[in-house]
Amino acid sequence: MTNKLIPLRIAGVGYSLPETVITNDDLTQLYETSDEWIYSRTGIKERRVVSGEENAIDLGFEASKNAIEKAGIDPEDIDLILAASSAPPDLYPAIACHIHERLGIKKPVPAFDITAACSGLIYGLSIARAYIASGMYKNILIVATDNNSRLVDWTDRGTSILFGDGAGAMVVTQAEDGIDDIIAIDIKADGNYGHLIELAFDGKNCPLVEQYEPKPTGIRMNGRGVYTFVAKVLPQYVEELVSNAGMKAEEIDYLIPHQANLRIIQAVQERLGYSDDKVVTNIKYYGNTSAASIPIALAEGVEKGNVKLGSTAVLCGFGAGMTWGGAIVRLREGIC
Ligand code: UT7
C-alpha cells in the first residue's frame, strides 16, 4: 500500500484594512520625529489603524469573507479554521473561534490560533499543508489578523512608527488536478532571540503569595537587534529555499515578503538579484501589519496590476520568537 500525499490548491486570497490613516506627520503630535526620519529608515509614510470598537476580529472576518468568495466555496464547507494573530483583541475565545461564529458556520469545526507573530501566515500554510496532504481536512481557512495599534506603546517612537493594522486570509483546498500550489515550504524559530521583540501579558499572582515585578506594557522591541538578526539570516535563507527546491531565482516571478522594513526587503531582493518589478512592496502605505502583510501585499498587488496571476512567487516572513519561514507557491488565475 502506498501513502500518497494529497496536493494543495490555493483557492482564494482576501484582505481587509481599517479606513483610518495615520501619517508620519500625524505622529509628530505624539513625539519628536519627522517624516524624513521614518521614511528614510523604514520606507513607511503612513499606516492604517482601528478606531473605536473596530478590531482585528472585524478585519479578519472581512478578509475571510473575501477569500471564501474568491475560492467559490460555502463557509459551511470549511472544515478547519487557523488564525494567525499576535496582537489580538482577546486572548480567548481564540480569533479562529470568533471567525467561525462571524461567518455563521453552523457545524462545529476545529478552530485555533497560532502565535508565530509576523511569520504566522507561513506557519499557518505549513500546518494547513500537512492536514491537506494527510487527507484529514479538505477546505481550510487561514486568517492572519492583528490590531497592533492597540498594543504598541505610543510613547515609544522607536517601535510605534512601524506598525499598522490589517488582515489577510487564504482558503486552501485539496487540488483535484494533482498540481500542488506549494512547491516548497519551510518554517523556523530560534527562541534564543526571543528577547528582541516581546509583548508581555501580565496578571497578578494569587494574593496569598509573593507578587512579581510586572513587565512594561506594550510591544517592546530592540529595533537594531531585530534588523541585524534578520538582515543576517533572511537573504541566505530565502536563497537556499529556492535552491533546495531545485529552482533558480530567475524561475520565480515575484518576491512577496513580510513588510517590516524596506531596507530588509531590499537585502533579500539584492541576494536574489531581482529587479524592482519582481518585488511586491506596500509598506509605504500600511507599515508592518504582522502576519497579514504577505496576503495583503499579494491580493493588493493583483488588484493594482503589479502581480500577474498564473505565476510563481516566493513568500517570506519573520517576526517575534524569533520565527521565520518561506514558501514557493503557484498563484493560479482567479485566486484574488
Ligand atoms: O516584524 C518585525 C518588526 N521589526 C522590525 O523589522 C524592526 C527592524 N528595525 C528597524 O526597522 C530599525 O531598527 C528602526 C527603524 C526601528 C530604528 O532605526 P535605527 O536606525 O536602528 O535607529 P536606532 O533605534 O538605533 O536609533 C537611532 C537614534 C536614537 O537616537 P540617539 O540615541 O542616537 O540619540 C533614537 O532615539 O534615532 C532615535 N530615534 C528616532 N528619532 C526620530 C528612534 N526612533 C526615532 C523616531 N524619530 N521615530
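This report covers the ligand site and the salt bridges of a predicted model.

## Ligand shell

The ligand is surrounded by 21 residues. Thr33, Arg157, Gly223, Arg224 and Asn261 are the closest. By class, 10 are nonpolar, seven polar and four charged.

Domain 1 (8-174) and domain 2 (186-279 + 307-331) each supply at least three shell residues. Helix H7 gives the largest share, four residues.

## Polar contacts and burial

For Trp37, the corresponding distance to a ligand nitrogen is 3.4 Å. The Arg224 side chain places an N or O atom 2.8 Å from a ligand oxygen.

Alone, the ligand exposes 960 Å². The protein buries 72% of that area. Helices H2 (35-42), H6 (157-160) and H7 (223-244) are the elements giving two or more residues to the shell.

## Salt bridges

The model has 10 salt bridges. One joins Glu62 and Lys65, at 3.7 Å from N to O. These two residues are three apart in helix H3 (residues 56-71), so about one helical turn separates them. Glu62 is partly exposed at 32%, and Lys65 is partly exposed at 36%.

Asp180 pairs with Arg129 at 3.3 Å. Asp180 lies in the loop between strands S7 and S8 and Arg129 in helix H5, so the bridge ties together parts 51 residues apart in sequence.

Arg332 and Asp181 meet at 2.8 Å. Arg332 follows strand S13 and Asp181 is in the S7-S8 loop, so this pair ties together parts 151 residues apart in sequence. Both residues are buried. Asp177 joins Asp181 and Arg332 in a salt-bridge network.

Definitions and conventions:
Residues are numbered from 1 along each chain as its sequence is written. This is a predicted model: local features need pLDDT of at least 70, side-chain atom pairs count only at pLDDT 80 or more; totals for chains, interfaces and linings use all residues. Side-chain values use heavy atoms; hydrogens and water are left out. A residue is near a molecule or strand if one of its heavy atoms lies within 4 Å of it. A polar contact is a pair of N or O atoms within 3.5 Å; within protein, one must be able to donate a hydrogen and the other to accept it, and residues adjacent in sequence count only if both atoms are side-chain atoms. Accessible areas come from the Shrake-Rupley method with a 1.4 Å probe; for residues, only the protein chains shown count as cover. Ala, Val, Leu, Ile, Met, Phe, Trp, Tyr, Cys and Pro count as nonpolar, Asp, Glu, Lys and Arg as charged, and the others, Gly among them, as polar. Domain bounds come from an automatic or database domain assignment. A salt bridge is a side-chain nitrogen of Lys or Arg within 4 Å of a carboxyl oxygen of Asp or Glu. Buried means under 20% relative accessible area, exposed over 50%, partly exposed in between (1.4 Å probe, protein chains only).
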